[in-house]
Amino acid sequence: MATRLPVNFLPVVWGVHLNRGLALGVGAALLALAALLGSSPAQATFPGRPGLIAFNGNGRIWTISPGTPGSAKELATGIEPGFSPNGELIAFVKSRKLLVMRSDGSGERVVFEDDPGNYVDDPCFSPDGKTIFFSRDTGEEGYSDIWSIPLAGGEPRRLTFTGGHDTEVSAEFPEVAPNGRFVVFQRDGATMTMRPDGSRLKKLTKGLDPSVSPDSRQVVVQRFEKLAIIGAGGGHERVLDLYPKKYPGELQREAASPTFSPDGKSIVFTFRRTVDAGPHLNVTKRLMIYSLKTHKITQLTNAEIGGSNPDWAPAR
């Protein structure tokens, strides 16, 4: 998802077209801020053979076969899809509602509907498929915390106590490790870890959009055009500079929302590109796959569909 802007940032609107005079007037610092505010959640990757990839584009949920670029199938209205461990269900968000549906788009139902003025975002399943973790803003200011709720519905449980006007910091983009032992999430430009009950909170590394490998041993994060892979307990960091070269008119490249494949051999991510297009800055998004073995990058979607918040299901 595109992170909701806190109230003090509302005069600056980030979208497909940005006012060039405004953006260039504030320069590179504002581009860096845009990257932080526009980061998107990665999702849990459960082990198995690679199956479908779910993502959102233009306010719709889609699935695509990684072996067939351009084969995207539209499923439903919504954003931020996350597969269940067996790939049978997809959790997603629509307005104030947290919903689930079957992976073919049928059987849509509401798990939780928040109060007016509140927001729910970034859903992901627990490894047993019985619980959904998500971020929730209850202060109407764009600052969120991590919560959980049973798949069957009920009362949400708050796990972090970060978001709010006093801190101006959000806890968001949660993902539960496939072994069920820890949760990663983003807070204030860093990737944090904690137990699924909210205990043992600690900082793992700098970076956005964390995603855990299928064997729960590694975490991948975004650092603008680079990805960093780090041990789940810290250390053993490896940086992947996917886009070292910028072209004329190109102001920013980002490898957002990285997510491991179910076999751990590839990473799907959103390639977000900001270009000086005369009176505007033009921001485009495409879904890409990076092979950890061959280092080859394959494009899955075009700029018309876009591609944000990918999640990779194990084959059924």
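I take two strands as paired if DSSP finds at least two bridges between them. Strands (E, at least two residues) and helices (H or I, at least four) are DSSP runs, numbered from the N terminus. I am working from a predicted model, where local features need pLDDT of at least 70, side-chain atom pairs count only at pLDDT 80 or more, and totals for chains, interfaces and linings use all residues. Residues are numbered from 1 along each chain as its sequence is written, and side-chain values use heavy atoms, with hydrogens and water left out.

**Overall.** I got 25 strands and 1 helix for the protein. Of its 316 residues, 54% count as buried (under 20% relative accessible area; exposed is over 50%, partly exposed in between; 1.4 Å probe, protein chains only).

**Around S3.** I started with strand S3 (residues 60–64), where 4 of the 5 residues are buried. On one side I found strand S2 (residues 50–57), antiparallel to S3 and joined to it by 5 bridges. Gly57 stands opposite Arg60 in S3. The two strands make a hairpin with 2 residues between them, and Asn58 in that turn has a positive phi of about 55 degrees. S3 also pairs with strand S4 (residues 73–77), again antiparallel, over 4 bridges. Here Arg60 stands opposite Thr77 in S4.

**Ring pairs.** How many aromatic pairs turn up in a search of the whole structure? I count 4. My cut-offs: rings of Phe, Tyr and Trp (its six-membered ring) pair if their centres lie within 6.5 Å, and planes under 30 degrees apart are stacked, over 60 edge-to-face, the rest tilted.

Phe112 and Phe134 have ring centres 6.2 Å apart and planes at 40 degrees, so I logged the pair as tilted. Phe112 is in strand S8 (residues 109–113) and Phe134 in strand S10 (residues 131–137), so the pair ties together parts 22 residues apart in sequence. Both Phe112 and Phe134 are buried.

Tyr243 and Phe271 are stacked, because their centres are 4.3 Å apart and their planes at 20 degrees. Tyr243 sits in the loop between strand S20 (238–241) and strand S21 (250–260), and Phe271 in strand S22 (residues 266–277), so this pair ties together parts 28 residues apart in sequence. Tyr243 counts as buried at 11% relative accessibility, and Phe271 is buried at 6%. I also noted that ring pairs link Tyr243, Phe269 and Phe271 into a cluster.
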